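Please read the following explanation with the sequence and the model side by side. It goes through one chain, then the other, and ends with the place where they touch.

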Amino acid sequence: MPIDRLTHVYGGQSINRRVRELRQAPRPRSTVGPWQYAGVGFDQYHEPAGELSAETRTFARLCTSLTEEAEAIGWYQQRLSIEPDEEARAIMHDAQGEEFKHFCMDLEFLLRRTPLWREIAQGILFQDGDIVEHGEAAEEEATEGEAERGAPLSGGESLGIGSLRGVSS
Amino acid sequence: MSHLLREHAPITETGWALLDAEARERLEPALAARKLIDFAGPHGWQHSATNLGRTQQVADAPARGVTAAQRQVLPLVELRAPFSISRAELEAADRGAEDADLGPLDEAAHQIAVAENAAVFHGWSAAAITGVVESSSQESIALGADCERYPRHVAKAVEALLAAGVGGPYGLALGPDPYTGVLETGEHGGYPLLEHLREIVGGPLVWSPGLKGAAVLSLRGGDFLFESGEDLAIGYADHDADSVQLYLQESFSFRVATPEAAVALP
């Protein structure tokens, strides 16, 4: 169910809409850079947008989206923990499921565009055992492999082909 | 903005994603040398030369009592393959067309891969690159036209490498004609020829457009050194109402550190 249709349940606002409003709210003057326009949500860029490539801007937008989905998941979790009305809880469960889906789609997009991130994620996600140990091992293995292959990190404009050792003909 | 000027091209993000994905898809099967040699970098577009660690004496030092030596380097070479894409085809792709005509990109990708392979295997004197085949100190072994005899020739090449103290595993680079011949030869002693050759070299058989004949190379590392400045990328040159002029580009150097680590099979 589209989350915007649930506004009457939560007393006026959907979580995604609230996130957008918070992000677009006027900021203190000192935090507005020369590339920003008052009231426009350009704050997913940490550097001047005009100096960023189209690929990097898309990457940044999806990173922002990923953050928003994670925040929404956390907020639904809090609401669910205190909501006694079963019917409302069912709707919240359904809505949180939407956020899970959005988060996963954002993540998959980012991983597809960032081979090193993807490789590290493959060593951590859906693994049994110690998460920290898997993380350390995956990072070490992936960064060493990346350097050996000569593939660039994210944000570059090359095709990222690098070495093809081990790639079948 | 980078020197590739992609921001100036009348191409949407969807269009760039399509072009980059198509280029990768076409390049990876054809970039044979990269499947067999050491790849270092990419060190960036501003990287201009490979350090050789050697010097050359310079005569006539500016003052008495002083000697001079000049560092020797191997300059990187830039390869560029221009191509033109129809704007109508890019617009169709933006609307979701699955069959956009990217033929000129495919052709450019093949040609730049062939050029890279040829430079690595056969050298490029104008760019001061000595190739694997021409630098080999091993006696070459004629491959011939009879595919049934390939296992014997390849085994002899492996034996020569072992005799020279060059360890494996080894890889077999095959030019397009011999590769087709191997694929067409179904059985050899009850074993597919392709698999038989793989067993002999202990490594990959690589389809190598740009290579004449074949070559057996050691894959132990440290023998064949490819240094990338800018890895393959698509850049923007110009456009008009009908088409966008783009190019595939890379910069690299290549050198052979161990001439005895390869056997040519012309």
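Which residues of α3(A) are buried? They are Met92(A), Ala95(A), Gln96(A), Glu99(A) and Asp106(A), where a residue counts as buried if 20 or more other C-beta atoms lie within 10 Å of its own, as exposed if there are 12 or fewer, and as partly exposed in between, the C-beta atoms being placed from the backbone. This is a predicted model, in which local features need pLDDT of at least 70 and side-chain atom pairs count only at pLDDT 80 or more, while totals for chains, interfaces and linings use all residues. Residues are numbered from 1 along each chain as its sequence is written, and chains are lettered from A and ligands numbered from 1 in the order in which they are written.

Chain A comes to five helices and zero strands, with helices (H or I, at least four residues) and strands (E, at least two) taken as DSSP runs and numbered from the N terminus. Of the 169 residues in chain A, 15% are buried. Among its contacts between residues at least 6 apart in sequence, 41% join residues at least 24 apart; two residues are in contact if their C-beta atoms, placed from the backbone, lie within 7 Å.

Helix α3 of chain A covers residues 86–113, and its 28 residues should span 40 Å at 1.5 Å a residue, which agrees with the 41 Å between its end C-alpha atoms; the expected span is 1.5 Å times one less than the number of residues. The buried residues of α3(A) pack against α2 (54–82) of chain A. That helix, α2(A), has 29 residues that should span 42 Å, and its end C-alpha atoms are 43 Å apart, in agreement. Within α2(A), the buried residues are Ser65(A), Glu68(A), Glu69(A), Ala72(A) and Tyr76(A). Thr67(A) also has its place in helix α2 of chain A, but this residue is partly exposed, with 15 other C-beta atoms within 10 Å. The C-alpha atoms of Thr67(A) and Asp106(A) are separated by 9.5 Å, although the two residues are 39 apart along the chain.

Chain B has a secondary structure of seven helices and eleven strands. Buried residues make up 42% of its 266 residues, and among the contacts in chain B between residues at least 6 apart in sequence, 78% join residues at least 24 apart.

Two of its helices can be followed as a pair. The axes of helix α1 (residues 13–30) of chain B and helix α3 (residues 103–122) of chain B come within 9 Å and cross at roughly 40°, axes being lines fitted to C-alpha atoms, for helices over the stretch in contact, with angles that run from 0 to 180 degrees between N-to-C directions. The contact is made by Leu19(B), Glu22(B), Ala23(B), Arg26(B), Leu27(B) and Ala30(B) on the side of α1(B), and by Leu105(B), Asp106(B), Ala109(B), His110(B) and Ala113(B) on the side of α3(B). The buried residues of α3(B) include Leu105(B), Ala109(B) and Ala113(B). After α3(B) comes Gly123(B), whose phi is positive, near 85°.

The strands of chain B can be taken next, where two strands pair if DSSP finds at least two bridges between them. Four of them form an open sheet in the order β6-β5-β7-β11, and the pairing is mixed. Because β6 (205–207) and β11 (262–265) of chain B stand at the edges with a single partner strand each, one side of each is left without a neighbour in the sheet. From one strand to the next, the twist averages 20°. Strand β5 (residues 170–174) of chain B runs antiparallel to strand β7 (residues 214–218) of chain B, joined by five bridges, and Ala173(B) stands opposite Ala215(B) in β7(B). Helix α6 (residues 176–184) of chain B lies across β5, β6 and β7 of chain B and runs at about 105° to β5(B).

Elsewhere in chain B, strand β2 (residues 49–58) is joined to β3(B) by eight bridges, and the two run antiparallel, with Val58(B) opposite Ala68(B) in β3(B). Strand β3 (residues 68–75) of chain B is hardly covered, since the count of buried residues among its eight residues is zero.

Finally, the two chains meet where 17 residues of chain A are in contact with 27 residues of chain B.
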